[in-house]
Amino acid sequence: MEKENQNKDKLLKFMKSKKLLAAMIALSVVVAFYAVGRPPDSGVTVIKSPNVPLSDGSDGSGGISGLEEVGLDEENLESLVVETEISAGSFGYIVKMKDEAVDEDMIEASPESEVIADSYFAVDELNDIPGFVATADDIEYILPDNEVSFNNLEEDGVPNDPDYVTTAGSSYEFTQMTLHTMNPEGAWKRNYFGQGVRVAVIDTGLNPDSDMKVSNILQGYSFVSGADPADTSDKHGHGTEVVKRLFTQTNNGIGKAGPTDSIELLPIKVSNGSGFSTSTLYKAIDYAIDAGADVINLSCGSAAVSSQEAEIYRAFSEKGVILVAAAGNENRSTLCAPAAYDSVIGVGAVGFSDKKRWVKSGTEGSNFGNGLDAVVSFSPTSQATPFATGLAVIAKQYDPDATVQTMRSLLEKSSEDLGTTGWDTEYGYGLIDYGNFVSFMETGKPEVKQVLKPKVTPAAVKAFKKAPAPKITGTVKVGKKLTAKVGTWSPKPKFAYQWYANGKKIAKATKSTYKLTKASKGKKITVKVTAKKANYKATTKTSKATAKVKK
């Protein structure tokens, strides 16, 4: 499939997009790429006070008085604010407008606001709202645009090297050993490497290496504030590690192997490792869809799960993209967002050796619960996720119209069932299997796995130390017998013989002796002797020709 490449003007086009994500609720949450937070069972709560203090005007902003001009006062403003589970480090507010109240004039009339989508705006201060609100009835609700944060790579045990092997007992397993457990050969032998599938990895960026198909890496985009939009280099490391799991070149004689090394990779950078806003994450996803992404990898998560945000991701999914996200690493019985949502594939982690849910401590382990679709024998969950993303890639390579429902159905049929029979909260549908996934996808039947016999390495083939040419003895006359003398060979082999008359093979003359017949009259006789012995090269020697056979 051919899709147009990205350029630096993409964001401007995106910001003025005429797409209407009618279901998008710009829910402000905290997202972390490794130790992602856990959502409460209660979801989201509408409260009567915002979790970011309102200005009283003492800072010179005008405070609430500026809002009164459009029919808003402090009481009805507070009733529109939704509080989420996390409220650390606000970037301002996200204003959800009623769809019918939004038009191009409103967008153009708000120079201090940032358009997230047609009915969603990000503002630094509530006092910026009067610039594009006609009446109080235009606002559906207001949300704090909270900080999205990272955890340090080393603190979370993430290897800095693809060859990293930890000490015995660690749950962070060697990449290639775990890849073997996923049976990628079953996909490779059917030529599934992700050809023509565009994959966006929304993360900390990418530093390509020599074991990647650099020509398949598209110009990405950076949403980092104040940075060059074209600079997607990774100053943190997390994004590069995620890409390595998916995109390392296969069968090139160096380094490691990746399950889908022929994808079109679109790196989208949302942070250098410091905090960023949830609105940035939404913009990055929408940008990826605009850029033609078929699959999006989200090795990140949020502590706040809600029905409102579920609608956001449902709207994204309905655009035809398959989103794959990490379950989270807090060892809790609920998945983080967006992995918890029906419109997203949720990925957990199990140990390489025991295939048990990965648990490092009481507060660190693979989250489990409703929404979990499958598990991967690699941890933590952010690094397990790209292996499952590889299956989404294969589904899209086989059928460009494949959806998250398509993939979930194939996971149900093809995954290795762990835990209780069928789907369960600990393992979802089970451990992913590339070969079985492809077999069900193509034939509706499980893969017939070949039972391989142990390979026997043959001993080195050697040459005979002594291999003399044979000699013919006897009277060269019709009716007389000739004998082939092989001489002394070292080591002693077994011999095979073939007699010739004037260079032509004599039928049935395959013994060490040959009785001359009338047909041999006037011809010169030779014999070839072939020596054979185990672990030695078969060797053939030819005698000198006799004189012409007499009558």
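Tutor: One definition before we start: helices (H or I, at least four residues) and strands (E, at least two) are DSSP runs, numbered from the N terminus. Keep in mind, too, that this is a predicted model.

Student: Got it. Where is E447 found, then?

Tutor: You'll find E447 in the loop between α12 (434–443) and β20 (471–473).

Student: Is E447 buried or exposed?

Tutor: The cut-off for buried is under 20% relative accessible area. E447 has a relative accessible area of 11%, so E447 counts as buried.

Student: What is E447 in contact with, leaving aside its neighbours within four places in sequence?

Tutor: Its contacts include N183, G186, K189 and R190, along with D433, G435, N436 and S439. With N183 there is also a polar contact, side chain to side chain, at 2.8 Å.

Student: Now salt bridges. How many does a search of the whole structure find?

Tutor: Look for a side-chain nitrogen of Lys or Arg within 4 Å of a carboxyl oxygen of Asp or Glu. Searching the whole structure that way gives twelve salt bridges. One of them pairs the side chains of R198 and E264, at 3.0 Å from N to O.

Student: Which parts does the R198 and E264 pair tie together?

Tutor: R198 lies in strand β9 (residues 198–203) and E264 lies in strand β11 (residues 264–269), so this pair links parts that are 66 residues apart in sequence. R198 and E264 are both buried.

Student: What about K213 and D261?

Tutor: Their side chains also meet in a salt bridge, at 3.7 Å from N to O. K213 sits in the loop between β9 and β10 (221–222), while D261 sits in the loop between α7 (238–247) and β11, so the parts tied together are 48 residues apart in sequence. K213 is partly exposed, at 24% relative accessibility. D261 is buried, with a relative accessible area of 2%.

Student: And how far apart are the closest N and O atoms of D373 and R408?

Tutor: They are 2.6 Å apart, and the two residues form a salt bridge. Because D373 lies in strand β19 (residues 372–376) and R408 in helix α11 (residues 404–414), the pair ties together parts that are 35 residues apart in sequence. D373 and R408 are both buried.

Student: Which residues do salt bridges that share partners join into one network?

Tutor: K189, R190, E442 and E447 are joined that way. That brings us back to E447, which also has K189 and R190 among its contacts.

Definitions and conventions:
Residues numbered from 1 in each chain as written. Predicted model: local features only at pLDDT ≥ 70, side-chain atom pairs only at ≥ 80, totals over all residues. Heavy atoms only, no water. Buried < 20%, exposed > 50% of the residue type's maximum accessible area, 1.4 Å probe, protein only. Polar contact = N/O pair within 3.5 Å; in protein donor to acceptor, adjacent residues only side chain to side chain. Contact = heavy atoms within 4.5 Å.
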